[in-house]
Every structure is written in C-alpha cells, then in structure tokens.
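Here are some exercises to work through with the structure open beside you. Try each task yourself, then go through the solution step by step.

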Amino acid sequence: LERSNDCVTKSFMFPNSKINDLKLKVKTMTAESGNPITNPTRVEVLNWLLYKCAVKAAMKNNTSGSFKPTGVSHLTNIRSKMMEPLPENSMGNLFMIGDIVTNNESEMKPETFIGEFKMKKMEFQSLPNIATTFGLISQMCSKPALEEHQRKLSVSYICTSLCRYPAYEIDFGWGKPIKVAIAGDLRKNSFILMDSPNGDGIEAFVCLGKQDMEIIQSDPELLAFL
C-alpha cells in the first residue's frame with residue numbers, strides 16, 4: 001500500500017458494552033446462516049465491521065457502483081504462536097500476514113469473513129519453528145507474490161491489532177501516559193486497533209481516502225457501536 005496525500009485518519013472509540021452488542025449481532029447472524037460462530041473475539045468483529053463499512057463506502061464512490069475483488073491483510077504477531085518457542089532473549093518484530101480475499105458481496109457476511117480469519121490464525125499456530133516461518137515470510141513478501149496480489153485485487157486494506165500491548169504502562173520518567181496514538185502517517189486503507197485510554201474498549205485508528213471517510217464516519221451501522 002502506498003502512502004497518499006488524499007487520505008484522512010480518524011479515531012473511533014468502541015466501548016466494551018458496544019463491542020459485546022456487536023459480538024451478539026455476529027452470533028445471531030451466523031447462527032441464522034447455519035454456520036454459527038459462537039466465540040468471536042473483539043478484534044475479529046471490529047475488523048469485520050470496519051472492513052465491511054469501508055468497502056461499502058468505496059462502492060458508493062465507485063462510478064460503476066459495483067463490487068470489485070477486494071482484499072484485507074491481517075498482520076499477526078506470531079512470537080507466541082509457533083510450536084517451537086522462541087528464545088527468551090529474542091528481539092525484533094515477528095509477524096505473518098493473513099490475506100482474506102472477497103470476490104463478491106456475499107463473502108462479506110460475518111460467517112464467511114470471520115470464519116476465514118479464524119482459519120488463518122489457526123494456520124499460524126501450526127508453524128513448527130523460526131526457520132520455516134522465515135521461509136514463508138520471504139515467499140509472501142517476494143516481488144512476484146506482491147505483484148500477483150495487486151493484479152488480482154482492485155482495492156486492498158491492511159489491519160493489525162495492538163490490543164493488550166501495555167502501551168499505557170510505559171513510563172519514561174514523567175509518569176504513565178494519558179493518551180497513546182500512532183506516530184507518523186498511516187497508510188491509506190488501514191485499520192489499527194489499540195486498547196482505549198481508560199481500558200474500557202478499543203480505539204480504532206482508521207485511514208481512508210477523503211471521500212470514503214466522509215461516508216464511513218456517518219455510516220449508521222458503524223455509529224451504532226460507538
């Protein structure tokens with residue numbers, strides 16, 4: 001994803017009570033579909049909601065108004081997920097990218113989207129060791145793989161979660177912070193989730209094109225959970 005001047009970053013605060021309402025909605029919708037998801041996580045349901053609303057906004061701004069193949073990449077910390085644990089003194093980021101491709105609107109339903117999300121996370125948990133992981137990362141990030149990914153998709157989004165990372169416990173000598181945010185510019189079409197300052201919920205930093213942001217920030221489906 002390229003950085004762009006034609007984008008806006010906004011913060012959306014989802015309190016725990018509203019996230020629980022969203023989880024209940026997902027459980028109800030998936031049960032009615034015949035493919036129930038009984039244990040959706042906070043991150044799963046918020047990623048689904050943000051992605052769905054962002055794609056809907058992009059469709060409204062699309063001259064044809066039709067759905068185009070769209071993808072979302074989930075950056076997942078796998079330091080604790082490999083079968084062979086990392087050494088205690090290991091350093092650096094270690095993550096895998098789980099891609100979910102939606103070719104039509106029906107694949108935006110929670111049973112499909114969240115079901116695929118869960119499968120990707122299970123695949124990460126079956127990684128045997130660091131050597132295998134580095135091989136997969138090199139393959140996924142190779143130029144041919146990235147070019148093929150871009151060729152197949154009209155639009156691509158990227159999501160990650162920093163929830164449960166103790167950002168509000170960091171003290172550089174001036175006391176614990178009252179507000180933590182993402183430094184610098186976000187990439188266009190990205191969602192980053194963090195724990196809210198008071199610990200009651202999740203704060204989502206959303207970066208979209210200006211026209212898409214104008215639509216999504218007044219989307220009643222999104223506003224219902226703020």
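**Exercise 1. Find how many aromatic pairs there are, and describe the one made by Tyr 157 and Phe 191.**

Step 1. Start with the rule: rings of Phe, Tyr and Trp (its six-membered ring) pair if their centres lie within 6.5 Å; planes under 30 degrees apart count as stacked, over 60 as edge-to-face and the rest as tilted. By this rule you get three aromatic pairs.

Step 2. Now look at Tyr 157 and Phe 191: their rings are stacked, at 5.9 Å centre to centre, with 15° between the planes.

Step 3. Strands (E, at least two residues) and helices (H or I, at least four) are DSSP runs, numbered from the N terminus.

Step 4. Check the cover. Both Tyr 157 and Phe 191 are buried, where buried means under 20% relative accessible area, exposed over 50%, and partly exposed in between (1.4 Å probe, protein chains only).

Step 5. Zoom out: ring pairs join Tyr 51, Phe 113, Tyr 157 and Phe 191 in a cluster.

A word on what you're looking at: this is a predicted model, where local features need pLDDT of at least 70 and side-chain atom pairs count only at pLDDT 80 or more, while totals for chains, interfaces and linings use all residues. Residues are numbered from 1 along each chain as its sequence is written, and side-chain values use heavy atoms, leaving out hydrogens and water.

**Exercise 2. Work out which partners Glu 44 has in salt bridges.**

Step 1. The rule here is a side-chain nitrogen of Lys or Arg within 4 Å of a carboxyl oxygen of Asp or Glu. Searching the whole structure gives 10 salt bridges.

Step 2. One of them joins Lys 118 and Glu 44, at 2.9 Å from N to O. That pair links distant parts of the chain, with Lys 118 in helix H3 (residues 110-125) and Glu 44 in helix H2 (residues 42-61), 74 residues apart.

Step 3. Lys 121 also forms a salt bridge with Glu 44, and here the closest N and O atoms are 2.6 Å apart. Lys 121 lies in helix H3 and Glu 44 in helix H2, so the pair ties together parts that are 77 residues apart in sequence.

Step 4. How covered are these residues? Glu 44 is buried at 1% relative accessibility, and Lys 118 is buried at 19%. Lys 121, at 22%, counts as partly exposed.

Step 5. Lys 121 has another contact to spot: it lies over the face of Phe 117, at 4.9 Å from the ring centre. For that label, NZ of Lys or CZ of Arg must be within 6 Å of the ring centre and within 35 degrees of the ring normal.

**Exercise 3. Trace the salt bridge between Lys 52 and Glu 221.**

Step 1. The closest N and O atoms of Lys 52 and Glu 221 are 2.9 Å apart. This pair links distant parts of the chain: Lys 52 sits in helix H2 and Glu 221 in helix H7 (residues 220-223), 169 residues apart.

Step 2. Lys 52 is partly exposed, with a relative accessible area of 22%, whereas Glu 221 is buried, at 15%.

**Exercise 4. Examine phi at Arg 164 and Asn 189.**

Step 1. Most residues other than glycine have a negative phi.

Step 2. Arg 164 isn't a glycine, yet its phi is positive, about 75°. Asn 189 isn't a glycine either, and has a positive phi of about 65°.

Step 3. Arg 164 lies in the loop between E4 and E5, and Asn 189 is found in the loop between E4 and E5 too. Arg 164 is exposed at 69% relative accessibility, but Asn 189 is buried at 10%.

**Exercise 5. Count the disulfides, then look at Cys 207.**

Step 1. Call it a disulfide when a pair of cysteine sulfur atoms is within 2.5 Å. The count is zero.

Step 2. Cys 207 is in no disulfide, and its nearest cysteine sulfur, that of Cys 7, is 3.7 Å away.

Step 3. Cys 207 is buried, with a relative accessible area of 0%.
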